[in-house]
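User: I would like to go through this model by question and answer. Please keep it brisk.

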Amino acid sequence: MSRGKKIMLVVAALAVAGAVAAYFVWRMHIWHPHLSVIRGAVIRHDADVSKELPIADVVVTGARGTMTVSGRTDASGYFELRFPEPIWPGQTVDLTFRNDDYEPLDMHLQMAYRSTMRRLVIAAMEPIPQSARTESGGPLTVVSNIRIRYTVHSQQADNIGSVAKTFQVMNRGDIPCRRQAPCSPDGEWKATTDSVKLDAGQDNEFRNVRASCIAGPCPFTRIDSSGFVQGGRIIIASALNWSDTATFLVEAEVFHTALASSVRRSYPVIYDRALNFTLPESKEGLSIEADVNGQPMIFPLGPELYLSWATCTSRTTGDEKKSTVYRCEMKPGYRF
């Protein structure tokens, strides 16, 4: 082989090596932000997916070697851990989940080259049995006949009733989309859409329509409000889900013709030991009416959301109505 050909081969090999190195540097630059963030949701473990309620105020800790970060879940069960340094393929992150009402949960997340980097972590925690959390051996206090009462000071048609309907969007999480619609908003994960249709009846219409995710990995769902934001006789609530099966709640008041400002009542949806309801942004004077061991009582629900028999959380939806989603979970010693 001539000297000129040898030089050309060497130059070509160096060019290929440089291109490969540049490619990997570019990919490292692109993926670097994703290699230091772990996102997920914490839900109650239950064989019935409609009872997989989101768990708020769970302390989530992630550790890799000597590097440790912590955070807490919000009202939807969502958490996000941001590590100060990248987590590379082959490394393991130890995740711990702690809440006084649930059994401790530990997870070991083995990081793969790409799929695990952006994985949506779903942590299902086992509730501590009621008997283990109740020190007294006496009978449980029964809370029944629960109604939600609030006031709206605005011109409205006569409220002749209310409606609450749940529906599920069944899906399997952590499946890459590969451009096969529907996908998650970022195009990464395979998703499913589903909807529910409600008819208010002749000469009636729905108003103050609220839709929310109440069970399952709610942070990885999106509600389409275009079918109900304007109200009307017929409304359609749709949802997109790009993780495991999630349960949604649609609530609305049914109105007729007269105009009035009034005290309004609605009924919560109860799953296991938690009640769920949604109220419009214009609400005032929120309280819960209930019978406690057969005795009717009224419980004002102030800004701190305090109830003697339940622990309540709230969050604001992202729709144009800016409704507020409430969830109250029974304290030890009480039952519905």
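**Fold, rings and disulfides**

Analyst: Of the 336 residues in the protein, buried residues make up 45%. The model is a predicted one.

User: How many helices and how many strands are in the protein?

Analyst: The model is predicted, and its elements are counted from it. The protein has helices as well as strands. The counts are 2 helices and 20 strands.

User: What share of the contacts between residues at least 6 apart in sequence join residues at least 24 apart?

Analyst: Take the contacts in the protein between residues at least 6 apart in sequence. Then keep those that join residues at least 24 apart. The share is 68%.

User: Phe-167 and Phe-248 form an aromatic pair; which geometry does it have?

Analyst: The whole structure holds 5 aromatic pairs. In the pair of Phe-167 and Phe-248, the centres are 5.4 Å apart and the planes are at 20°. Planes under 30 degrees apart count as stacked. The pair of Phe-167 and Phe-248 is therefore stacked.

User: How far apart in sequence are the parts that Phe-167 and Phe-248 tie together?

Analyst: Phe-167 and Phe-248 are both buried. Phe-167 lies in strand E8 (residues 141-169), and Phe-248 lies in strand E13 (residues 246-266). The pair therefore ties together parts whose separation in sequence is 81 residues.

User: Which geometry do the rings of Phe-299 and Trp-309 have?

Analyst: The ring centres of Phe-299 and Trp-309 are 5.8 Å apart. Their planes are at 75°, so the pair is edge-to-face.

User: Where does Trp-309 lie?

Analyst: Phe-299 and Trp-309 are both buried. Phe-299 is in strand E17 (residues 295-300), and the pair ties together parts that are 10 residues apart in sequence. Trp-309 lies in the loop between E17 and strand E18 (310-316).

User: Which residue lies over the face of Phe-255?

Analyst: The distance to the ring centre of Phe-255 is 5.5 Å. The residue over that face is Arg-207.

User: Cys-183 has a relative accessible area of 19%; is it buried or exposed?

Analyst: A disulfide joins Cys-177 to Cys-183, with S to S at 1.6 Å. Cys-177 has 0% relative accessibility, so Cys-177 counts as buried. The cut-off for buried is under 20%. At 19%, Cys-183 therefore also counts as buried.

User: Which handedness does the link of Cys-213 and Cys-218 have?

Analyst: Cys-213 and Cys-218 form a disulfide with sulfur atoms 2.2 Å apart. Both Cys-213 and Cys-218 are buried. The angle about the S-S bond is -75°, and the link of Cys-213 and Cys-218 is left-handed.

User: Which strands hold Cys-312 and Cys-328?

Analyst: A disulfide joins Cys-312 to Cys-328, with S to S at 2.0 Å. With 110° about the S-S bond, this link is right-handed. Cys-312 and Cys-328 are both buried. The pair ties together parts 16 residues apart in sequence, because Cys-312 lies in strand E18 and Cys-328 in strand E19 (residues 324-330).

User: What pattern do the disulfides of the protein follow?

Analyst: The structure holds 3 disulfides. Bonded cysteines are counted along the chain. The pattern is 1-2, 3-4, 5-6.

Technical notes
Residues numbered from 1 in each chain as written. Predicted model: local features only at pLDDT ≥ 70, side-chain atom pairs only at ≥ 80, totals over all residues. Heavy atoms only, no water. Helix = DSSP H or I, 4+ residues; strand = E, 2+ residues; numbered from the N terminus. Buried < 20%, exposed > 50% of the residue type's maximum accessible area, 1.4 Å probe, protein only. Contact = heavy atoms within 4.5 Å. Phe/Tyr/Trp six-rings, centres within 6.5 Å; stacked < 30°, edge-to-face > 60°. Lys NZ or Arg CZ within 6 Å of the ring centre and 35° of its normal. Disulfide = S-S within 2.5 Å.
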